[in-house]
Amino acid sequence: MASLTIRKLDEHVKTYLRLRSAKNRRSVEEEVRVILRELIEGREEPLTPFAAPPAPSSAPTLQRTGAAPEASVTLIIGGGIAAYKSLDLIRRLKERRVEVRCVLTKAAQQFVTPLAVSALSHERVYTDLFDPQSEFDAGHIRLARDCDLIVVAPATADLMAKIANGHADDLASAILLATNRKVLLAPAMNPLMWNNAATRRNVTQLQRDGLVLIGPNSGEMAEAGEAGVGRMSEAIEIANAAERLLRPPVPKPLAGKRVLITAGPTHEPIDPVRYIANRSSGKQGFAIAAAAQAAGAEVILVSGPVDLDDPQGVTVKHVESARQMLEQVQAALPADIAIFAAAVADWRVANEGEQKLKKTSAGMPPLQLVENPDILATISKLTDKRPPLVIGFAAETEHLIDNAKSKLARKGCDWIVANDVSPATGVMGGDRNTVHLISRKNGEIAVDSWPVMTKEQVAIELVAHIAKSATDKSREPAS
Ligand SMILES: Cc1cc2nc3c(=O)[nH]c(=O)nc-3n(C[C@H](O)[C@H](O)[C@H](O)COP(=O)(O)O)c2cc1C
């Protein structure tokens, strides 16, 4: 059975659902169920509960940024003085593109009103375990599971005692007992309550059970003249802790590595206005630079003339000709890994005109070509500053694998990424690539053929192979 994620619906559909559910005092999910049931039973309400569905531009957006939420949190607000801070917490979470559905305990409603919470969260607020409107299909189970994280703020001494002991006699405790999501607690209480032996036992038990605590901080209490540990963490601290749980940091397998990459074509001048070039777009090299940077590497990208934005967090050196590219590559050494993805012109014009060449009756001026420096071979054959892993690219239009194998031997690099660039493949300038990774394995040449992928996916795959080989301390790619 397919499942429907409401936050992925079109913005105007979400707006419509939100308005209709608010009007009917139902949650958005309940409203969708009601609409579906009515459709099936042939009792469809008119699809315009208001005069007209609001235009997307004028619609109240879930985020101040207008961006779609990326995660959802069930926020349980307990009955403590610090409950007022949970109003700010709702705002802070929404700023981080988190959808927030709130549950208020009976005691919490003495400190903040459901109306204020619902106005800030733009969602219906839940207060009652035995609410027929949300419990006709076990709404507390949905609140427990249709979210990515549960945050309890303030987590009162009473709520923590209930969770530690598995109570479920109100909506908040029933959700916390029924959830299979991570739970973040932000305790807030008087220092004597916090230090009480019962609370200490409960905190130990909750941590053993895998719940995560943020705070409490120390400072002045609401009670006049009292201070100590027990103040709830600030909303921003709780939002940051929630974000860390929602979006755990991605692994950085190339942290501490310096990666040098070349990309794009080179332009070899004929005269001040004309040049010889090729069709390389630089997309593959740029994608590798971005993937290596995302994997934690320090990346230096030496790029020929391309029509691409510099990847974020990457040092980019822009060059025109093969000789300039070699100069920048040499200046960027030492490096742990060098990836030569640029389509460097093999030849340049020996007799480059100092002035624009003119048409004359003598006919076309003869262009003498001389060989450009071979950047891949030059770096592969260095004795002192040779990077431990040197990877070349072979763009071929025929005999792809054979040519790539002989290039590997000729150039002295460790791996070759071979790709077929004949016009029919659309690789040159296109967004997809079919590559073969050629390497040496136990004295033999190994060929690992990858399926057709986007250039970003090829980059991620290549970086994963590099990371694996770096961990293995071997120059051979993983198969
Ligand atoms: C003015 C006032 C402030 C309170 N502040 C707190 C507090 O900060 N932390 C706490 O654990 N309990 C506090 N309590 C006690 C709780 O409100 C009480 O234990 C209640 O049963 C908690 O219910 P709940 O855990 O279901 O929200 C306070 C009570 C009052 C009257």
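Trainee: Which residues does Val463 touch, not counting those up to four places away in sequence?

Mentor: Val463 touches Leu254, Ile288, Ala291, Ala292 and Ala295. Contact here is two C-beta atoms, placed from the backbone, within 7 Å. Keep in mind that this is a predicted model: local features need pLDDT of at least 70 and side-chain atom pairs count only at pLDDT 80 or more, while totals for chains, interfaces and linings use all residues. Residues are numbered from 1 along each chain as its sequence is written.

Trainee: What is the size of the largest nonpolar core, and which residues have the most contacts inside it?

Mentor: That core has 62 residues, and those with the most contacts inside it are Val259, Ile261, Ile288, Ala292 and Val463. A nonpolar core is a set of buried Ala, Val, Leu, Ile, Met, Phe, Trp, Tyr and Cys residues joined through C-beta atoms within 7 Å. Buried means 20 or more other C-beta atoms within 10 Å of the residue's own, exposed means 12 or fewer, and partly exposed is in between, with C-beta atoms placed from the backbone. A second, separate core has 53 residues, including Ile76, Ile90, Ile175 and Leu184.

Trainee: Over to H11. Which of its residues are buried?

Mentor: Ala235, Ile238, Ala239 and Ala242 are buried in H11. They cover an arc of only 100° around the axis, so they sit on the same side of H11. The arc is taken over the directions from the helix axis to the C-beta atoms. Helices (H or I, at least four residues) and strands (E, at least two) are DSSP runs, numbered from the N terminus.

Trainee: And what covers those buried residues of H11?

Mentor: The cover includes strand S1 (71–77), helix H3 (83–95), strand S3 (149–155) and strand S4 (182–187).

Trainee: Different topic. Which residues come nearest to the ligand?

Mentor: Gly79, Gly80, Thr105, Ala107 and Thr156 come nearest, out of 15 residues around the ligand. To be near, a residue needs its C-beta atom, placed from the backbone, within 6 Å of the molecule or strand. Helix H7 (residues 157–165) gives the largest share of the shell, three residues.

Trainee: Last one. Is Ile460 buried or partly exposed?

Mentor: Partly exposed, because Ile460 has 19 C-beta neighbours inside 10 Å. Ile460 lies in helix H16 (residues 455–472). Its C-alpha atom is separated by 8.9 Å from that of Ala290, 170 residues apart along the chain.
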